[in-house]
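Hello,

Here is the structure I promised to pass on. Have a look at it first, and my notes follow below.

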Amino acid sequence: MRTPVIAGNWKLFKKRAEARELVNGLVSLVKDVQGVEIVVAPVFTVLAAVKGALDGSAIKLAGQDCFWEEEGAYTGEISPGMLVDAGCSHVIIGHSERRQYFGETDETVNRKIKAALKAGLAAIACIGESLAEREAGTTFDVLRTQLNGGLAGLSADDLKDVIIAYEPVWAIGTGKTATDAQAQEAHAFIRGVVSELLGKPAAEAVRILYGGSVKPENIKGLMTQPDIDGALVGGASLKADSFAAIASFSM
Ligand SMILES: O=C[C@H](O)COP(=O)(O)O
């Protein structure tokens, strides 16, 4: 039985006061939600404030990225150990926005996942095809390449601390969600590739989240799919009521 994960990626939004307000609202709205791992990923500058507001709550804290070195002359970077020190248990790695704007590659994703695991973080590793790739019929090739590169050198045991997020780039922030069937098809494919790479037990155990215009209105349909184990939520995670409604999908 895979415990569902609902993760909110706040992207480049929310200063301290707004972040506290959001998280305070969230904590009270989800206090009775059981059997779901809830994670929030704010910007680095508000991690401490959010951690403070999460005190006593089961909601977990994530960074939105990390570097692969633990320390050194790397201006502007943040290391996995620093995220742990700030109270994080998770980190998002390889989000398509980082791939698109900041030169993230499957190789850097792989280095970051390994560094995150070494520091004791769970890695939420993002993959997904662009609209052009989907229209060209190369979705599965793209996903296979991203999985091969991103998970290279990891063991089945390592995978216990990896959560895969399938985010079709064309569905992110566009209001255009993949249909339940499209998402399920991709998730089943991803689980199959993980099985080829690391064996069936690891593939059966790994959580695969869907991301891309997830809202309270579409979460239930997505969660009825056998290979969808949760969601990585952007826009709808910026309001306590909508994120709480998503996290309460089973209630
Ligand atoms: O990380 C989250 C995804 O990019 C989805 O964003 P969205 O829910 O705003 O489409």
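How many nonpolar, polar and charged residues does the shell around the ligand have? There are five nonpolar residues, eight polar ones and one charged one. Please keep in mind that this is a predicted model. In total, 14 residues surround the ligand, and the closest are N9, I172, G211, G234 and G235.

Next, a helix to look at: α8, which runs over residues 180-198. With 19 residues at 1.5 Å each, α8 should span 27 Å, and its end C-alpha atoms are 26 Å apart, so the two values agree. The buried residues in α8 are A183, A186, H187, I190, V193, V194 and L198. They cover an arc of only 120° around the axis, which means that they sit on the same side of α8. As background, an α-helix has 3.6 residues a turn, so residues three or four places apart point the same way. On the face of α8 turned away from the buried side you will find the exposed residues A181 and E196.

What do the buried residues of α8 pack against? Their partners are α7 (139-150), β6 (162-166), α9 (200-205), β7 (207-211) and α10 (219-223). After α8 comes G199, with a positive phi near 95°.

Finally, the core. The largest nonpolar core has 78 residues, of which V91, A123, I124 and A125 touch the most other members. Leaving aside residues up to four places away in sequence, A125 touches I93, G94, V109, I113, G150, V162, I164 and A165.

Enjoy exploring!

Best wishes

Conventions: Residues numbered from 1 in each chain as written. Predicted model: local features only at pLDDT ≥ 70, side-chain atom pairs only at ≥ 80, totals over all residues. Near = placed C-beta within 6 Å. Nonpolar A, V, L, I, M, F, W, Y, C, P; charged D, E, K, R; others polar. Helix = DSSP H or I, 4+ residues; strand = E, 2+ residues; numbered from the N terminus. Expected span 1.5 Å × (residues − 1). Buried ≥ 20, exposed ≤ 12 C-beta atoms within 10 Å, placed from the backbone. Arc of directions from axis to C-beta. Contact = placed C-beta atoms within 7 Å. Core = buried A, V, L, I, M, F, W, Y, C linked by C-beta atoms within 7 Å.
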